[in-house]
Amino acid sequence: MKKWLEPFTNAWVGVATHKLRSFLTILGIVIGVAAVIALMSIGKGATADILSRIEGMGSDLISIGPGARSFGGVKGALGSVQTLTQEDAIAIQEQVNYINVVSPTYSTSLQVVAGAENMNSQVTGVPPEYQDIQNLEIAYGSFFSAYDYQRGAKVVVLGSEVKETLFGDTDPIGKQIRMGKNIVRVIGVLESKEAMWGSPDNAILVPLTAMQQMVAQPRTSQGERIVSSVVLTVSDEEQTDYVVEEITSLLRDRHRLGLGVDDDFSIISIQEIAENVSEATGTLTLLLGAIAAISLLVGGIGVMNIMLVSVLERTREIGILKALGAKERDIWLQFLLEAAFLTFAGGIIGIIVGWLVSYIVSSTGQMTTIVTADIVILAVSVSIGIGLFFGFYPAWNASRLNPIDALRAE
Amino acid sequence: MIQLHDIVKIYPMGKRELTVLRGITLNIERGELVAIMGPSGSGKSTMLNLLGCLDTPTSGNYFLEGKEVSRLGSGELSQIRAKKIGFVFQTFNLLPRLTALANVELGMRYANGSDRKLAIEALERVGLTGRASHRPTELSGGEMQRVAIARALVKNPPLILADEPTGNLDSQSGAEIISILTSLHAEQKITLVMITHDADVAHQCQRIILLKDGQIVGEEKS
């Protein structure tokens, strides 16, 4: 046998001799590692899930809404002032780089009646580019065209839930609905889509030009037309931060906000939201992992306990080995390797169990789970590290035994 | 081979001290077969532990093959035990979970590394060829002691120390063990020091040293 191999085979013999005990010892490690892997994979899966939903809304999307204005240190609620205007949107389109299309929207609450169905809901006037900006898919019919927009056609595109409420299962295309005092014609229904907020399922979209005919759009003191929001997409996602900065300074300029005055608008970029969310869920994932790591620690203490008992029980064996010429190093190396062997085996079994658990969780379809290589490597190295750490004291104890006393032990 | 000069061993016993060896001076030549006799508590085992480098004297000098070993650290003592000394114990001290062959191989682990062929040869020399794969629990006392002898001699040490090797055996097995030890001594010129209570066993040795109260009180040569 190769000489360097001997400590390993000796350690293996030591572990294999007490199969049941070895198994029970590593159970703590198995559960700890499995818990770390399963929980981390669930955490990572949830993060990826949320991020993909956000990305589904368009990761290049920037949304500008009206903000609050401070009156002598008292800050009003968001949207308490109406300063965002259609002219702002035009200025942004003309003056800021890395922008595709800018779309102002104006929403107001209107009574919507279709046959016997009657609901009060938010109606939004948008330009035709809005469809692309928000990644909206048409289930049937069509979205309104640039021509419809130019002539202010009284047409409407419904969200899937609105269509369900107003028309049930019947085909709404070409039907007329009453919206406030106006009659509009349904030309399309949107594909249902999950979103973090402002789900298009509840949307009622009309051309902004038509909206301006149906209701009186308020104006600012400078005579600019007030809008509810401005949405736009960037042409280069790398430049999102730059675009946000540019828009901020442009709008501050246009709204004549002096130094030290808060913005009277708020800019949200999907990219920023995604970053914030992934940071938050990352923290949550770490927390889950930390809780699971506690059970790993408890498992490590179990290993230490068993190794101490094992040293006590094998005192005589240690004495014999010392009489045969074993150095202190030989003794502690053997016990340390046994402990590392146990926890390494526990780590491997734990990975398999953890992987199975996360596979079962994801196969129920309730949650996405992702097992990444870094979790696995972390779990195994931590489990070996625990073996070495908690095995050190018992092993050192063993190596310090006096051979004469050890030989006399029963 | 062995030179002891004024060896004193004192054990601390709480606040008092227990003097076990009171100035032992002794020479053992290479290839000698020596018996140590004496009543219980006379210091025989302590002396054998010192000879076997399991312990160091409180004062005095011990030269093993001309080398002073009484002041060495535990690592160097381990090295000497591994290479130069084979032990045979009264209670055999085999590892119960290992086969006879593996127990013999254990004798080489810290010397030159295990060598299965040498281990099988050693078992042949003590007449246990057919028992190589048995575990100690499946062996008789005499057989276990023969495995222990094989373990001691497998690394071919210049010195074998035996602490009452027949003490736990019936007289027939005991006689067999003694004849194995004496014939090994005769064939291989190994220096062999054994503690015994049995005068018949002692008289098969070339030299008998009588110990009492930690001192050598007499010597016989046969």
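So, what do the buried residues of helix 10 of chain A pack against? Within chain A, their partners are helix 11 (328-363), helix 12 (373-399) and helix 13 (403-408). On the chain B side, they pack against helix 2 (74-84) and strand 6 (85-88). Keep in mind, everyone, that this is a predicted model.

Okay, which residues are we talking about? The buried ones in helix 10 of chain A are A:Glu317, A:Ile318, A:Gly319, A:Ile320, A:Leu321, A:Lys322 and A:Ala323. Helix 10 covers residues 315-323, and seven of its nine residues are buried, so the rest of the structure largely encloses this helix. Then have a look just past the end of helix 10 of chain A: there, A:Gly325 has a positive phi of about 110°.

Now let's zoom out to where the two chains meet. Here, 17 residues of chain A are in contact with 19 residues of chain B. On the chain A side, the elements giving two or more residues are helix 1 (6-17), helix 10, helix 11 and helix 13. Which of them gives the largest share? That's helix 10 again, with four residues. If you sort that side of chain A by class, you get eight nonpolar, two polar and seven charged residues.

And a quick word on the partner, chain B. You'll find seven helices and ten strands in there. Chain B has 222 residues, and 45% of them are buried. One more number for you: take the contacts in chain B between residues at least 6 apart in sequence, and 67% of those join residues at least 24 apart.

Technical notes
Residues numbered from 1 in each chain as written. Chains lettered and ligands numbered in written order. Predicted model: local features only at pLDDT ≥ 70, side-chain atom pairs only at ≥ 80, totals over all residues. Buried ≥ 20, exposed ≤ 12 C-beta atoms within 10 Å, placed from the backbone. Contact = placed C-beta atoms within 7 Å. Nonpolar A, V, L, I, M, F, W, Y, C, P; charged D, E, K, R; others polar.
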